[in-house]
Amino acid sequence: MAHIYGEPSRTFNEYLLVPNLTKKDFIPGNVSLKTPIVRYRDGEKSPLEINIPVASAIMQSVSDSKMAIALARSGGISFIYASQPIEQQAEMVIKAKKYKAGFVVSDSNLKPNQTLKDVLELKARSGHSTVAITNDGSSTGKLLGIVTSRDYRLSRSPLDKKIEEFMTPFSSLIYGKEGMSLSEANDMIWDHKLNCFPIINNQGNLVYLVFRKDYDAHKENPDELLDQNKRLMVGAGINTRDFKERVPALVDAGVDILCIDSSDGYSEWQRETVQWIKQEYNGTVKVGAGNVVDEEGFLYLAESGADFVKVGIGGGSICITREQKGIGRGQATSVIEVAKARDQYFKQTGIYVPICSDGGIVHDYHMILALALGANFIMLGRYFARFDESPTRKLKVGTTFVKEYWGEGSNRARNWERYDNGGEQRLEFEEGVDSYVPYAGKLKDNLDTTISKIKSTMCNCGAVTVDELQRVARITLVSSTSIIEGGAHDVILKENSSVLK
């Protein structure tokens, strides 16, 4: 006879947080949302933490280089989607890593005998208005000058004018030597009122560029997620089919962490993938696995060497796995059981394996519940798909602006690699839908509001860290009528003049 669980599986909608004493120093400004996302031993610190506990989903309609840049600047991390050619995914990782580095390796370079036309064409391709001029046109050639938009006037300069005739020559540049600190470079920028400050080596070859705008941007984004070289951090999805080719390309591109993208992570294919990565890179490359919904699935992946485990099957807004296959579990129940398994595993082995709640988030307060129930961080698809930074089209449907949003299990995504069942390379049926989500504007504007809600609620719960929230939070089940009571009711709302019942 099949094993039948006695308790129903529950969603985040079925829970509410009960306030604890809010002490005077429990204010949003004192809340830290920093959280570990890869395994570590008792008494040690996780080698990889994020500054806010959110990640963007491994989806074509959510996570490309633009999303990775925007989210890392706010303190979270993106996992660039895997359902694309290896070279294209690696290029997205490179683009995100190059976007801001403090010390930037120049990727807009020309030779002095090229023309203004070449400058304009390069600017159109790259979007960069600062061009380094080197003897060989490379990013590491001998620095001969710099061209910015202040060096030419389109209305008066012929397109065939040689760069050497209008560039700011090396003799007029203020520059630094390799080995100086970023702080010293920024001081030079401010002291000399510069927008760009080149760094050269002893041979006069260009090494880095440091930009004033990067300094200003960092001040505006104090939670920026940076690696040890001051570059934005970025993750990438992989599958269990071509990982032996895809992983090396992503590692060479500079990826900070990987995650296997699959509808069901409790499989031998995932164990094989994780163990190959760990053996091939001697444990230095971090990789998450999933998805699972119970203790058995978590333990299987943790013992396989997964650095974090993703929790949730069938809870996403565009996922129809439960409808199609009858497989899944309520997201809240899944997080509760896997969190208990993680804590027990930690007690027994001294190894802490973070968990990521993936799916089931409808309202902002669901994120806080996911954290309180035990998740270390949350993966979001629909939430991020609404923003300017997602890779999909913005459309007008009727009188409303929307963005396209489709599941990785849909025919549109054609991501058969995530369903590795040893069969043919095609989708027999869909486990995701093609849809629209309401357009919501810029990521930062919306995410700042969400983070403010999370911090404020944590203060109400008597916690100023995620770890403390999980220790002190009090949570209650709610009835269907109390859900109605929790929203606006029995009034006439001014914006639509309708009576809520």
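The buried residues of helix 14 are Leu443, Asn446, Leu447, Thr450, Ile451, Ile454, Lys455, Met458 and Cys459. Buried means under 20% relative accessible area, with a 1.4 Å probe and protein chains only. Helices (H or I, at least four residues) and strands (E, at least two) are DSSP runs, numbered from the N terminus.

This is a predicted model, in which local features need pLDDT of at least 70 and side-chain atom pairs count only at pLDDT 80 or more, while totals for chains, interfaces and linings use all residues. Residues are numbered from 1 along each chain as its sequence is written, and side-chain values use heavy atoms, with hydrogens and water left out.

**Helix 14**

The cover over its buried residues includes the elements below.

| Element | Residues |
|---|---|
| strand 5 | 54-56 |
| helix 1 | 65-74 |
| helix 12 | 364-372 |
| helix 13 | 382-385 |
| helix 15 | 466-472 |

Helix 14 covers residues 443-460, which is 18 residues. The expected span of a helix is 1.5 Å times one less than its number of residues. For helix 14 that gives 26 Å, and its end C-alpha atoms are 26 Å apart, so the two agree. Just after helix 14, glycine 462 has a positive phi of about 80°.

**Alanine 302**

Alanine 302 lies in helix 9 (residues 295-304). Is alanine 302 buried or exposed? Alanine 302 is buried, because its relative accessible area is 1%. Leaving out residues up to four places away in sequence, alanine 302 touches Arg39, Val309, Tyr345 and Val353. A contact means heavy atoms within 4.5 Å. Tyrosine 345 is 43 residues from alanine 302 along the chain, yet their C-alpha atoms are separated by 8.7 Å.

**The largest pocket**

The largest pocket has a volume of about 830 Å³. Of the 28 residues that line this pocket, the closest to its centre are Asp107, Ser108, Ser126, Gly127 and His128. A pocket is an open set of points on a 1 Å grid over the protein atoms alone, where a 1.4 Å probe fits, with protein on both sides within 12 Å along at least five of seven lines; lining residues have an atom within 4 Å of a point. The volume is the space filled by probe spheres set on the points. Helix 2 gives the most to the lining, with five residues.

**The whole chain**

The chain has 16 helices and 24 strands. Buried residues make up 51% of its 501 residues.

Conventions:
Buried means under 20% relative accessible area, exposed over 50%, partly exposed in between (1.4 Å probe, protein chains only).
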